[in-house]
Amino acid sequence: EISKVLNSERITFYQYDPKQNLLIGQLLLTGGQTRELKLAPEPKSIAGYVAMTKRSVNITNVYDDTELKRLNTNLSFLKGVDARTGFKTRELLAVPVLVSENLLGVLQIVNSRTKTPFTKLETEGAEALAKAIGGRLIRLQVGGSGGSKSNNEPRTASKYAFLVQSNVISEVDLNKIQLQNG
């Protein structure tokens, strides 16, 4: 399980939708149900801040407003999310999912199993995972999982086609990324 490798209790992924300019994720509620959460890429939330800056952050205590304000004076932790999920967040490592500097989402590694700040090695592991997720999302966008289609057949539309259509990334760059990520 990936969360064990990264020494975490949970992992959350927020996918970026450039048409809505929102990060969209699924929260795991008490009882196993899920609920959609939408966040703007702005410093009102940690994931939004990471999306806006395209930089990783390693927060030792999400409830420490002083620690958050050192990153950005408007940054805060959405305490209501913990209240709705019944889960208590302590430490948070948030990493942007990027391909060629284009934002695809934000990966959050939640609560160190040792109840200590995430280490440099865990941060590097999260960044490597984010890079792999980005490569996979691009491969899905540019033609599915690599099945055998003839070159004359139109590509299957996917939920990632908007990246090319909205000029976030060119089809040439997508093809390069697909080749790089196998």
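E36 counts as partly exposed in this predicted model, because its relative accessibility is 43%, a value that lies between the limits of 20% for buried and 50% for exposed. E36 forms a salt bridge with K38, and the closest N and O atoms of the two are 3.9 Å apart. K38 is partly exposed as well, with a relative accessible area of 41%. This pair can be set beside the other charged contacts, for the structure holds six salt bridges.

Another of these contacts joins R90 and E9, whose side chains meet with a distance of 3.2 Å from N to O. The pair links distant parts of the chain, since R90 lies in the loop between α4 (79–85) and β5 while E9 belongs to strand β1, 81 residues apart. R90 also forms a salt bridge with E91, where the closest N and O atoms are 3.5 Å apart, and in this way E9, R90 and E91 are linked in a network of salt bridges. In general terms, side chains of opposite charge can pair when their charged atoms come close.

Six strands make up an open sheet in the order β3-β2-β1-β6-β5-β4, with antiparallel pairing. β3 and β4 stand at the edges and have a single partner strand each, so one side of each is left without a neighbour in the sheet. From one strand to the next, the twist averages 20°.

Within the sheet, β1 pairs with β6 in the antiparallel sense over seven bridges, and I11 stands opposite I109 in β6. β1 also pairs with β2, again in the antiparallel sense, over four bridges, with I24 in β2 as the bridge partner of Q15. These two strands, β1 and β2, form a hairpin with four residues between them, and in the turn N21 has a positive phi of about 55°. Eight bridges connect β5 and β6, which are antiparallel too, and here A94 stands opposite Q108 in β6.

The helix α2 packs on the sheet, touching β1, β2, β3, β4, β5 and β6, and its direction makes about 140° with that of β6. Six of the eight residues of α2 are buried, so the helix is largely enclosed by the rest of the structure; the buried residues are I46, A47, G48, Y49, V50 and A51. At the N-terminal end, S45 caps α2 through a side-chain oxygen that lies 3.0 Å from the backbone nitrogen of G48, and after the helix comes K54, whose phi is positive, near 60°.

Notes:
Residues numbered from 1 in each chain as written. Predicted model: local features only at pLDDT ≥ 70, side-chain atom pairs only at ≥ 80, totals over all residues. Heavy atoms only, no water. Buried < 20%, exposed > 50% of the residue type's maximum accessible area, 1.4 Å probe, protein only. Polar contact = N/O pair within 3.5 Å; in protein donor to acceptor, adjacent residues only side chain to side chain. Pairing = 2+ DSSP bridges. Axes fitted to C-alpha atoms, helices over the stretch in contact; angles between N-to-C directions. Contact = heavy atoms within 4.5 Å. Salt bridge = Lys/Arg side-chain N within 4 Å of Asp/Glu carboxyl O.
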